[in-house]
Each structure stands twice: as structure tokens, then as C-alpha cells.
Amino acid sequence: MIAHSLLRDAFKTQFGYFASAYYFSPGRVNLIGEHIDYNGGYVMPAAISLGISAAVAWRDDDIICVYANDFKEKSTFSISDNLADINKTAIHWSDYIKATLQVLKDKNTKLRGADIYISSDLPLGAGLSSSAALECLIAFIFDEVESEKNRTALALHAQLAERKYVGVNCGIMDQFAVANGKDKHAIILNCATLDYEYTPADFKSYQLVIINSNKSRTLASSKYNERRKECDAAFEQLKKIDSAADLCHIHEISLATLEDDVLYQRAKHAILENKRVKHAVQVLKNGNIEAFGQLLTESHISLDRDYEVSCHELNMIVHYSTHFEACIGARMTGAGFGGCCIALVAKEKVPQFIAYVGKKYTEKTGLKADFYCAEIVDGVRSILE
Ligand code: GLA
């Protein structure tokens, strides 16, 4: 989170007067349950202390003026513009804002003009849900009372913005985690029903480390949509012989009826990943963190081999992380094709872990990894001065 005094002064410098309200919207990590939110599975995300901070002042007209510190750029438009007019092949940061406001307009939310300053300590486009953080932030700012009352509806509006107007056919996990995050807890979300519960994210003597590969995720959205189509195609075939309501609940034995090897691999990942999440919930609740760590690594192997959404850089991070003795598990987190990994590392060995994995990663890839020991925090919220 950006320090309040910095945010306050930066707004004043940009707009010449002081903001009247402040907000924070977190990024998220997914502990386990990857690429199954859109297949009716269970996922276990958590909101993190890295996120997007905003200072806001309302205007008397219908102009929205947003300054994004991370891009050193201002975007100005009117609420009455056609905000749905987004070039889906060249998404600009302000498009996430327009898309979300368009969703609010579609549901007849009364919108007002505003000056907004946003600044982030969340690495952008790195698989920690910076887009969901921005969508939820905007939906929350412009519809605060309703958003506080119904955070699941907030997540659904933010997801709709991304699917309908930005053009990424995403699941609900990211927006749900940003909207419903809880301090020191992971969310266990049933994506088929949106029922959820919290469980303490207590990793005992281990620290959750986030590792940014800094590998750009250029293919991410096209490959993401491709994976979704493959899952749909697999389910189309499987449902002829299996009565399960979605891909994650198909019986493992039914997989044998899939002749196409790619569809077989995708379906196998979805079914087994869902089982891993259920197992992970149990071991975490029982305080068996070593078993939890092992499931993280198994999840990564499945994402790499069967679901094919990892890449050399993420594999190198997981390989050297798990080679490090005090690390009990690691995996890519989020959509993949670059972005971030998570690892569970004995607290007292974190500096050595960072030095070792950082060095090996650079030797193997020529890239420099960034490491974060983020906290698990509450979802999107207003910040009192
Ligand atoms: C992206 C999507 C999520 C989810 C993950 C993969 O982050 O936005 O809905 O599908 O990928 O688990």
C-alpha cells in the first residue's frame, strides 16, 4: 500500500487541491486450484498487501480524470462517452476503468464525475491480478454502499467488465479474492456455487514468498481463451457418458473415453487439481504445512505438463526453489505464461533462499527475479485519513 501522506500530496500536486476519499484494492495470490475456477472447481486465493491505492475527489460535472502514477499518464473522458468502445487488441490501462464504469452504467448506477489519482506497489501485468484490483477498485469507489453490502456482486460486476468489454473470458477467482479478501485468511471458494469459507492462512514456521519472474505475459490472454475452449470441448465429450455438472467433477475413470491427447491432458489437470485443492484444505486446517507444500509442487507439475501454461522461466524458479532445502513447495500462481510463483520457505532461511534462487534464475534466463514477502489482507476498502 502506498503511504497515505505520499498519496495525499501526489493528488494535490496533480489536481491542485486535496482529495476527499482514499481507497486500497489488493492484488491476490492463488495458493492452489489453478485454471479450475472456470471448470466448476474449488480454488484457494488470498488478497495480498501489495495493491493499488487511490485518492479521489468528486466533481460537479460528468468528467472522469484519472492520473496513473505507474504510467505517468492522465486519462480524461466523460461518463456520457461510449465507454464500451474498447480496442480489445491493444488494451490500455484506462480501458479497465472504462469497462467497469460501463458495467455500472448498464445496471443504472448513478455515476458522478471525479478526479482520481492511482498508484500501485503491485507489479502490473505480473499475474497478481492487477487488472482485477483496478476493476474492483473502480466498482467500489463508484458504488461504495452497494459494494460494501454485497461483495460477491461487486466481484461479478468487475468480472463482467473484463469478460464483456476487455475481452478476456476470465473466471471469477481474481475479482472474488480482491473483493472478499480477509486479513490473515485464505478463501476456499466453490466456483460452481460461489459459496465460500475462510481458513487461517497460518503457515507456522514457513513464510509465503512471492517470486516475480519478470517474464512478460504477452501470450497470456490468447492462450487463456484457448485453454477455456479446450476444456469446453473436453466436457462436451465427457458429459455424454458422465453425469457430472462440470469438468472438475467428471469421474477420473471417464477420462479414458477421451481419444484426443490434448483434451485428455487438459481434463486430467482440471479433475486432479480440484482433488488437490480439497486435500490442501484438509492438510492446512490440520496444520500439516509440509503436506500443503508438497501439493503446491504437484499442482505446478500438472500445470506444466498437462495444462501447459507454465514456461521455462517459471519452471526454473520452481526447480531451484524446491531444490533449496528449506523450501517445502513452490508453484506458478495465476494464469501462467510468465508472471509469478509462490514458495513456502522456512522463515529463518528466507534471505538465503532469495540469494540462491535469484542467482540461479539469472544464470539460467538472463532475467532478474523480484521477491516479495507480502502479508495476507482484507479485500478492497476505503481508507480513513
Ligand atoms: C486468471 C483468471 C482467473 C483464473 C486464473 C487461473 O488469473 O483471471 O479467473 O482462471 O487465471 O487459475
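Mentor: Let us begin with the crossing of helix 2 and helix 5, which is right-handed. Please keep in mind throughout that this is a predicted model.

Trainee: Why is helix 2 called roughly perpendicular to helix 5?

Mentor: The axes of helix 2 (residues 93-106) and helix 5 (residues 151-166) come within 8 Å and cross at roughly 110°. Angles from 65 to 115 degrees count as roughly perpendicular, and therefore helix 2 is described as roughly perpendicular to helix 5.

Trainee: Which residues of helix 2 and helix 5 meet?

Mentor: From helix 2 the contact takes in Asp95, Tyr96, Ala99, Thr100, Gln102, Val103 and Asp106, and from helix 5 it takes in His157, Leu160, Ala161, Glu162, Lys164, Tyr165 and Val166. Sorted by class, the contact of helix 2 with helix 5 has 7 nonpolar, 3 polar and 4 charged residues.

Trainee: What makes helix 3 oblique to helix 5?

Mentor: Helix 3 (residues 130-142) and helix 5 have axes that come within 9 Å and cross at roughly 120°. The range for roughly perpendicular ends at 115 degrees and roughly antiparallel requires over 145, so helix 3 is called oblique to helix 5. The crossing of helix 3 and helix 5 is right-handed. In this contact Ser131, Glu135, Cys136, Ala139 and Phe140 of helix 3 meet Arg151, Leu154, Ala158 and Glu162 of helix 5, and these residues divide into 5 nonpolar, 1 polar and 3 charged.

Trainee: What does the side chain of serine 120 reach on glycine 51 and on leucine 122?

Mentor: On glycine 51 it is the backbone oxygen that the serine 120 side chain reaches, at 3.4 Å, and on leucine 122 it is the backbone nitrogen, at 2.9 Å. A polar contact requires N or O atoms within 3.5 Å, and the 3.4 Å and 2.9 Å distances can be set against that cut-off.

Trainee: How do you know that valine 281 is buried?

Mentor: Valine 281 is found in helix 8 (residues 261-285), and its relative accessibility is 9%. With the cut-off for buried at under 20%, valine 281 therefore counts as buried. Valine 281 touches Met44 and Ile188, when residues up to four places away in sequence are not counted.

Trainee: What makes leucine 194 and lysine 204 partly exposed?

Mentor: Partly exposed covers the range between buried, under 20%, and exposed, over 50%. Leucine 194, in the loop between strand 7 (185-190) and strand 8 (195-200), has 21% relative accessibility, so it counts as partly exposed. Lysine 204, in the loop between strand 8 and strand 9 (206-212), is partly exposed because its relative accessible area is 45%.

Trainee: What is the phi of leucine 194, and what is that of lysine 204?

Mentor: Phi of leucine 194 is near 65°, and that of lysine 204 is about 55°. Most residues other than glycine have a negative phi.

Trainee: Why is leucine 384 called exposed?

Mentor: Leucine 384, in the segment after strand 13 (381-383), has a relative accessible area of 76%. Exposed means over 50%, and therefore leucine 384 is exposed. The C-alpha atoms of leucine 384 and tyrosine 22 are separated by 6.8 Å, although these residues are 362 apart along the chain.

Technical notes
Residues are numbered from 1 along each chain as its sequence is written. This is a predicted model: local features need pLDDT of at least 70, side-chain atom pairs count only at pLDDT 80 or more; totals for chains, interfaces and linings use all residues. Side-chain values use heavy atoms; hydrogens and water are left out. A polar contact is a pair of N or O atoms within 3.5 Å; within protein, one must be able to donate a hydrogen and the other to accept it, and residues adjacent in sequence count only if both atoms are side-chain atoms. Helices (H or I, at least four residues) and strands (E, at least two) are DSSP runs, numbered from the N terminus. Buried means under 20% relative accessible area, exposed over 50%, partly exposed in between (1.4 Å probe, protein chains only). Contact means heavy atoms within 4.5 Å. Axes are lines fitted to C-alpha atoms, for helices over the stretch in contact, and angles run from 0 to 180 degrees between N-to-C directions. Angles under 35 degrees count as roughly parallel, over 145 as roughly antiparallel, 65 to 115 as roughly perpendicular and the rest as oblique. A crossing is left-handed if the near helix is turned anticlockwise from the far one by less than a right angle, and right-handed if clockwise. Ala, Val, Leu, Ile, Met, Phe, Trp, Tyr, Cys and Pro count as nonpolar, Asp, Glu, Lys and Arg as charged, and the others, Gly among them, as polar.
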